[in-house]
Protein chains: 2
Amino acid sequence: MIPIMPKRTVFFISDWTGITAETLGMSLLAHFDGVEFRQVRLPFIDSQDKARDALASIANAQVEDGARPILVLTLVNPDIRQLFESSGGLCLDLFGTFIQPLSTELGTSPTQTVGMSHRAIGSEYLNRIDAINYTLSHDDGLTPSSLEKSDVVLVGVSRSGKTPTCLYLAIQFGVRAANCPLIPEDLDRMALPGELASYRGKLFGLTIDPERLHRIRGERRPDSHYASLENCRHEVRQAENLMRREGIPWLDSTTRSVEEISTMILQQLKLKGR
Amino acid sequence: MIPIMPKRTVFFISDWTGITAETLGMSLLAHFDGVEFRQVRLPFIDSQDKARDALASIANAQVEDGARPILVLTLVNPDIRQLFESSGGLCLDLFGTFIQPLSTELGTSPTQTVGMSHRAIGSEYLNRIDAINYTLSHDDGLTPSSLEKSDVVLVGVSRSGKTPTCLYLAIQFGVRAANCPLIPEDLDRMALPGELASYRGKLFGLTIDPERLHRIRGERRPDSHYASLENCRHEVRQAENLMRREGIPWLDSTTRSVEEISTMILQQLKLKGR
């Protein structure tokens, strides 16, 4: 008999987007193997009426799972928090737990405006939008003339992970991230594209396992020289030699997420973001 | 005399990227006015040696601020957590606080692998990268022929916020988000671009305050008809009429963040993401 994993429904409940509750909640759940978690995000729960609809879903899940649900809460209003505390679910109350010790420490009362606790449309937000637009218009080295406004310029062979990393740097950290491919001509000359010479301190390299690169390139252009394992091995080896010779810091993107790669780049280049 | 705001240094300390600690920590701090917070993210604190370097920074901040720092922790290893608990700072221990009640509830011991608690390079991650690539190649309605693979297609006048929203949907939620502008020809005809007709159920509109649109467009093309307040008013009014007539759900992006807009779109179209 195949053992059946016990199921638990996890509700991420917020008066705002619920993205913070979901992100921390998923980090917590990842510590537990052997349980199948069904995830439900309930955003914009900012009234007693909406809370009551949510409570009905929670009661249903309890019946279906045969076990009480887990509730991860980011709710500013203590009355609405209280409704969920009384629901019978296991409450992980992210605001309620930490607001009180912070209030005591700072000697000041917390404000209670919903959404206040999240990013507003202030100068930091507009800076992120600017960074996204900058990054989109400097993808794949299209306009090197304005690289001077960049915070970082990623280099690496085609399909080594530069574009998703640049977009994450822009969206999450408000960093203006350009990227420029190292193309076969650069690798044959063993020299960086000329326009990068003035931006040495902003350069960061990405490399990738040649077998993985071969698979990624093969999805787009199967049976091409570009995607062949032999060519991928050659390009990666040459690119790594070039970055080593030029003293460009670099890392391997193969087994790393964009979150991890972006954080390592900010740390190595001592960029703060935002 | 101008009153001086008290300063507090806040450390976001993690054995991984620290992005979760920073996101929740910032939400908590936003509840408190009247204090100037200096933020320091310390990622990849995964050894006693790195923890001791961090402790030195914490001690320095305490001296500089004349008040103890606030530490927001996402650390899997209890021994390293303990070092920070003893530092004298106010610890908001995001893993330590909630792992124990979860363990009791689930009747299973937590794993202790660093990074486990974060997104790994699994199928979900590869789906996000696919969504980013899809979204980039379907920005501004360039290749309508493959809209059938989209999860959502955003429509709206030029510069109404479609592109940053699409990228956020892809990066955060793994949603394949295409976008297609409503151009003056569409607005004059009062009809959607023909290629959108088959995707009615995936369409979602963005609108924007004409004054804000005028300012945004003016930054790129000052003194143009395109950016003039009169034309912005006309385009926005026509686009809203068109969306209303065609029964396309839409919202105003003017005072909303990409996080909020994306969450509202997923909710209205009943998309789950990932």
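Reader: Which residues of E3(A) are buried on one side of the strand, and which on the other?
Author: In this predicted model, strand E3 of chain A is mostly covered, with 5 of its 5 residues buried. Both of its faces are covered, and the residues divide between them as A:Ile70, A:Val72 and A:Thr74 on one side and, on the other, A:Leu71 and A:Leu73.

Reader: Over how many bridges do E1(A) and E3(A) pair, and which residue of E3(A) does A:Phe11 stand opposite?
Author: Strands of a sheet pair through backbone hydrogen bonds, in either a parallel or an antiparallel sense. For E1(A) and E3(A) the sense is parallel, and the pairing extends over 5 bridges. Within E3(A), the residue that stands opposite A:Phe11 is A:Leu71.

Reader: What is the bridge partner of A:Ile70 in E4(A)?
Author: E3(A) also pairs with E4(A), in the parallel sense and over 4 bridges. A:Ile70, which is one of the buried residues of E3(A), has as its bridge partner in E4(A) the residue A:Leu90.

Reader: Over how many bridges do E1(A) and strand E2 of chain A pair, and what is the bridge partner of A:Arg8?
Author: E1(A) and strand E2 of chain A, residues 36-42, pair in the parallel sense over 7 bridges. In E2(A), the partner of A:Arg8 is A:Phe37.

Reader: Which element gives the most to the side of chain B that touches chain A?
Author: In the contact between the chains, 50 residues of chain B meet 50 residues of chain A. The elements of chain B that each supply at least two residues to this side are H1, E4, H4, H5, H6 and H10. By residue type, that side of chain B divides into 27 nonpolar, 18 polar and 5 charged. The element that gives the most, with 9 residues, is H4(B).

Reader: How far apart are the C-alpha centres of domain 1 and domain 2 of chain A?
Author: The domain assignment divides chain A into domain 1, residues 7-106, and domain 2, residues 123-268. Between the C-alpha centres of these two domains the distance is 39 Å.

Reader: Why is one side of E6 and of E8 in chain A left without a neighbour in the sheet?
Author: The open sheet in question has 4 strands of chain A with parallel pairing, in the order E6-E5-E7-E8. Strands E6 and E8 stand at its edges, so each is left with a single partner strand.

Reader: At about what angle to E6(B) does H6(B) run?
Author: Chain B has an open sheet of 4 strands with parallel pairing, in the order E6-E5-E7-E8. H6(B) lies across E5, E6 and E7 of this chain, and its angle to E6(B) is about 170°.

Reader: How many other C-beta atoms lie within 10 Å in the case of B:Arg176, and is this residue buried or exposed?
Author: B:Arg176 has its place in the loop between H6 and strand E6 of chain B. Leaving aside neighbours within four places in sequence, its contacts include B:Tyr134, B:Lys149 and B:Asp151. With a count of 24 other C-beta atoms within 10 Å, B:Arg176 is buried.

Key:
Residues are numbered from 1 along each chain as its sequence is written. Chains are lettered from A and ligands numbered from 1 in the order in which they are written. This is a predicted model: local features need pLDDT of at least 70, side-chain atom pairs count only at pLDDT 80 or more; totals for chains, interfaces and linings use all residues. Two strands pair if DSSP finds at least two bridges between them. Domain bounds come from an automatic or database domain assignment. Two residues are in contact if their C-beta atoms, placed from the backbone, lie within 7 Å. Ala, Val, Leu, Ile, Met, Phe, Trp, Tyr, Cys and Pro count as nonpolar, Asp, Glu, Lys and Arg as charged, and the others, Gly among them, as polar. A residue is buried if 20 or more other C-beta atoms lie within 10 Å of its own, exposed if 12 or fewer, and partly exposed in between; C-beta atoms are placed from the backbone. Axes are lines fitted to C-alpha atoms, for helices over the stretch in contact, and angles run from 0 to 180 degrees between N-to-C directions.
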